[in-house]
Each structure stands twice: as structure tokens, then as C-alpha cells.
Protein chains: 4
Amino acid sequence: MLNRVILVGRLTRDPDLRYTPNGVAVANFNIAVNRPFTDANGERTADFINGVVWRRQAENLANYMKKGSLIGVDGRLQTRTYEGQDGKTVYVTEVVADSIQFLESKSSQSNQSNHTQSNNNQGYGNQGNSNPGFDNQEQYAGAYEGTNMGGQGEPIDISDDDLPF
Amino acid sequence: MLNRVILVGRLTRDPDLRYTPNGVAVANFNIAVNRPFTDANGERTADFINGVVWRRQAENLANYMKKGSLIGVDGRLQTRTYEGQDGKTVYVTEVVADSIQFLESKSSQSNQSNHTQSNNNQGYGNQGNSNPGFDNQEQYAGAYEGTNMGGQGEPIDISDDDLPF
Amino acid sequence: MLNRVILVGRLTRDPDLRYTPNGVAVANFNIAVNRPFTDANGERTADFINGVVWRRQAENLANYMKKGSLIGVDGRLQTRTYEGQDGKTVYVTEVVADSIQFLESKSSQSNQSNHTQSNNNQGYGNQGNSNPGFDNQEQYAGAYEGTNMGGQGEPIDISDDDLPF
Amino acid sequence: MLNRVILVGRLTRDPDLRYTPNGVAVANFNIAVNRPFTDANGERTADFINGVVWRRQAENLANYMKKGSLIGVDGRLQTRTYEGQDGKTVYVTEVVADSIQFLESKSSQSNQSNHTQSNNNQGYGNQGNSNPGFDNQEQYAGAYEGTNMGGQGEPIDISDDDLPF
DNA sequence: TTTT
DNA sequence: TTTT
């Protein structure tokens, strides 16, 4: 059934990249999407939305985006439940991203310190081919991702083919 | 910021219509949106998504749709928190509908009993004018709503103006 | 870049199914999407939007939907130009469907004559396997398609696996 | 009926701001939306999509965005026809924007000359109140618009209330 | 348990 | 705490 979510927002923390036992990359993230209106107290508010993305796009997200980065997300809304530490069922609603567009590169962001390695994706030698044979149409969605390493303060869309992996 | 959700799904229960202290109608609902694929066990699964809709559309939803009805939803994704009965913070993600399209009328549904009044919207004398001066553009979104009282088993889109209130 | 279109509308004519020289199925269609408001003369109007869909979904669309059928479309907006018969450039904007949801089956529609074969998809012996090895993720999108051969006047979502090809 | 389009792209020319005889602002624009894949020749291609936006957002678009600016668009797909100079009917498909998000301000763009007044919105004394009483919910959509006059090369979302008109 |  |  029709199920489509499109968001533009800022990462509220660095993406959390992990690998399944089978070596498939998956990144969890949370973005703040500012509301177009102020609340009763005249404060601007935001919605804080959880998302998940898989495979190469997960790795790209973790490698190029960090807390504060602006991204566009095109995906589906999914729900799941799990048992909380207190034994109660917890209900989760999150966006499973089909594609993520980088609207602002790390290097175009101001408070660039880089002495802290906030990137939580270090040293998995098998990243490059953790997803062999990923040559179907879904790949194209992956190419939504753009990035920009030049720091000229401007988002650029580049193809997956141009990314360094 | 861009925040858009579009869903087609079936109500998992009758819509829950209430009124704010100021007399503004608001309906909560939950829809099952079938996933386009089967899970690991070959089972078709669904996402169960909560939604909210306001004013006239809330009343229309409660009046014309019920558990099992198929609807289309166009809205925004919002998050909020509240304190659970155990004092813990509960996180809620739900769709705030800008417009709802009725894709199947009550009368076109099969197990039509109608001896049970499952409709939980009875006898609020102020419904009709609970939203005076609602004559702005947002009204047009309201007109997304279609309904169909003839029971010919076919969705019809009609304007708010054609609805009996 | 983000590019997403979601529509619900009725086919203004039977889908036009063709095959590329390589045997890939492609269906062109046009849907009327009713506007949520009336025009200056109080008339309800519609937008008439062209769409294209590929492969198995093209065949399903042609096989199960016809003029008047209600469908949901999730896709991308694309533009192209061609040279008209008068030598002038013609600009085309159309939706390339990633997935199509059948919201009303042929059999649930009223003026069912069936003595005319309005279906323009006849006798291509190779349909069934015109797309061998179509077993990637894009397939799941295909499973958005539902159909309903029972004629009980109600849309049903079934998996591609349940379709007779 | 459901009709939703979401795009992120760059203006291919300066927005064209005009006023109706009644003094209502309307801006036409065209954006290039890069496709996520390369064509048969390995070239990256784009779709060139026409859009329209009304009232305050039209004025904001013309005042703050120019050729090359990156914007997000949330709207509806509409079609219309007109008679061409050769007497033939021309079919137009365009996006009517409900809201536009500024993802890059003029000042954050590099080739900033500003000695040419590319802004085609000059001196209409009635702009400020061309839309009296525009204080309904649709206004909030207007607040999607962000801009950024500081030139720090970073998109900012601000409320309509913060805009200098 | 929040971004700018 | 789930629809068909």
C-alpha cells in the first residue's frame, strides 16, 4: 500500500553505524525537522524523527554526515515493537530511508573541529564489499546521495560512482 | 522544513472522535498499511500507524469511516512525549493529517450490520458550528474527503459542500 | 535529488502496453486526479496526468486495470522533449511510477461489459518471462500492486507472487 | 484526491514575479532536479520542472532566491492547456507549491555580483498588503520558507514573522 | 531525547 | 495493539 515519507532535517547526533551478523551495514539516525509555525508560547518547535538506512547509504551517511548536518530523506514509515527493560512493550515508529540526500557537507559546517573523531565508523576492512552484487535498481536510489568535500559551503549531488568506495 | 507523509491503509478500529474544551473536533485513528513484501517467514506484514485529524475532517472521518475502512492520508509526521502511568517518558510519533480521502464507504463494506452503533460520535449539539469562520484555504484540503452514501461499492470524491453538515 | 510524486486518480483510458525492442514491457497511462476545490464557476475540475510504468507492473496494469479504474501511484516526476510533427519541440512532464496500487479491480466496476476486449495487451507469448531474473529489491515495489478477481467490490492488496504470472 | 509532489532542485533562472489584476503576487519558476542515475551515455541528467507559487511566498522566492539557488518544494501537480501562437493546444504540467523551503541563500552562493538587479520585483507599493487578512493556517505553510541574510553559507529556517515584510 |  |  502507498507509504511514503519525505523529510528535510538536521541530525541531532552522529549517525550510529553498525553491521548485522551477515556484514550488512545499517545506520540509525535522528533528525530534527523544524515545524513551520510557533507553538502557543511563540517558540519554534521541531519534530524529532528516527530513521534507519541500509548498506552503502548507511556507510555514506556515517562517513559524511554528523550531528547538525542537514539531510533530505525519502522513505517509508515503519512500526515495530520490542520488549523494554521493564518487560513492557515499546512501540517504535521510524522512517526506513530508500534514499538520503546530503544537503550540507561536513566541511561546509562551521564548528569544524575534527580533533575529536565523532565518526563512529572505524576500520571495518570489509565495508567496501559488504554488499556484493548490489547491482539492481535499488542502487540508483543510493545515488541520491550527494556530498561535497571541497568545503565551498554548497551542497552537491554526486553519483555513488564518484564516492570513494 | 519539508515534512510530508502519504499513506493508504485500513482503519484498525473505529476513529475516536473527541472535542477540545474549546469545542474543536479532533479524531485519533490507527491504520494498517500493508507492506509490499513478505517477512522472513513468508508472512505479509503491515505497519500500524497512528494519526490525528482536526475539525470538520475529524467529524467526517468518524461519521463515514469505521474499522476496516480504506483511507488515504496526506499529512505531516509529528512527535511528542508524555509521562506514562509508571512515570516514564513515552515517545509518540504520529501523522497529523492535512487531508483524508475516503477510498471506501461504510456502505460499500460487506459485513454491514448497522445494528450496532459503532460510531462514537453521538449527539454533540455544537458539532455543526464548532469551527466557525473556517473559510480559509485549509478548507480546500478538507474537500479532499470523499464519501459515498449510495453503497454502489465505489469510492467517490465529493466536496465538503456536498456533505450533510 | 529528492523527487517524489504520489497520486490517486482514475484512468482516463485503457493503459497502453508496449514492448521495447529488447522485450521490456512499458505501459503509458493517464489519470484524472480530482481537485479538492471547485473552480470559479463552481465546477469540480481535475488534473490529467501522464504516467509510465515498466516491466511486470506495466503488464499487471494493462491486465487488471482499464478506463475508469482507480489507482494509487508512487513515483518520480520526469521531463523530456521530442520533436513534434510540425518540427517544434514538445515538452513532456510525466510520472514514472515506482509502484502502482490497484484501488479498484475491473470486476468491481459497474459498467462491466467484457464483450469488447478493451485490453490492449493481447497474445504476447513472452510476457511471462520478458523480465527474467527480476528478483531484486525493486520487485518489492512491484508488490504494491493489488488486484482482486472476485468482484466483491473491494480493493485487495496481494503480492506479486499471487498474480498469475 | 491524493496529489502530492516533493522536489529538491536548483532554479534554472531567476523566479518570475508578477501580480494579478487584483494585486495578488504569483511567481513562476523552473528547477533542475538531478536524476539519481546516469543515462545511457554515462551523463548525469536532470528533470526540468515548472512551478508556481502564490502570495507572500512568491515575493519571498523572488526576493531571496535566484538562478542557481537550491530549494525544496512541497505542492500539488496541476495540468492546464492554452492555445499556442500557432493555434495548437499546448499542454502544461506544473507544480503548484504549497510551501517552498530555502536551502541556500543568495548570500551563500559564490558568484554573487549584485550589481545587476536580477530581482524582478520592484516597487509595487501594495505588496505588503496585497493579501490582507492572510492569517489562516495556510500562512503556516508559508513559514516553511527559510532564508538567511548573514551569508554564513548555511541554510536557516526562519518564520515568516522574521522576514522583513 | 535532541538540530540550526 | 491491530486492517483486508
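**Exercise 1.** Is C:Lys88 buried, partly exposed or exposed?

*Solution.* First, recall the classes: buried means under 20% relative accessible area, exposed means over 50%, and partly exposed lies in between (1.4 Å probe, protein chains only). Next, take the value for C:Lys88, which is a relative accessible area of 39%. C:Lys88 is therefore partly exposed.

The structure is a predicted model, in which local features need pLDDT of at least 70 and side-chain atom pairs count only at pLDDT 80 or more, whereas totals for chains, interfaces and linings use all residues. Residues are numbered from 1 along each chain as its sequence is written, chains are lettered from A and ligands numbered from 1 in the order in which they are written, and side-chain values use heavy atoms, with hydrogens and water left out.

**Exercise 2.** Identify the salt-bridge partner of C:Lys88 and locate both residues.

*Solution.* A salt bridge is a side-chain nitrogen of Lys or Arg within 4 Å of a carboxyl oxygen of Asp or Glu. The partner is D:Asp86, and the closest N and O atoms of the pair are 3.9 Å apart. This pair crosses between chains: C:Lys88 is in the loop between strand S5 (70-83) and strand S6 (89-102) of chain C, and D:Asp86 is in the loop between strand S5 (70-83) and strand S6 (89-102) of chain D. D:Asp86 has 39% relative accessibility and so counts as partly exposed. Side chains of opposite charge can pair when their charged atoms come close.

**Exercise 3.** Describe the elements of chain A and the share of its residues that is buried.

*Solution.* Helices (H or I, at least four residues) and strands (E, at least two) are DSSP runs, numbered from the N terminus. Chain A has two helices and six strands. Read from the N terminus, their order is β-β-β-β-α-β-β-α. Of the 165 residues in chain A, 56% are buried.

**Exercise 4.** Explain which parts of chain D are tied together by the salt bridge of D:Asp74 and D:Arg4.

*Solution.* The side chains of D:Asp74 and D:Arg4 meet at 2.8 Å, N to O. D:Asp74 lies in strand S5 of chain D and D:Arg4 in strand S1 (residues 3-11) of chain D, so the pair ties together parts that are 70 residues apart in sequence. Both D:Asp74 and D:Arg4 are buried. Elsewhere, salt bridges that share partners join A:Arg4, A:Asp74, A:Asp98, C:Arg4, C:Asp74 and C:Asp98 into one network. Over all chains, the whole structure holds 28 salt bridges.

**Exercise 5.** State how chain D is related to chain C.

*Solution.* Copies are superposed by least squares on the C-alpha atoms of residues with pLDDT of at least 70 in both. Chain D is superposed on chain C by a rotation of 180° with 0.0 Å of shift along its axis, and the RMSD is 0.0 Å. The two copies are thus related as by a two-fold rotation axis. In chain D, the C-alpha nearest the axis belongs to D:Val5, at 2.2 Å from it.

**Exercise 6.** Determine how much of helix H1 of chain C is buried.

*Solution.* Helix H1 of chain C spans residues 55-64. Eight of its ten residues are buried, so the helix is mostly covered. Among them are C:Arg56, C:Leu61 and C:Tyr64.
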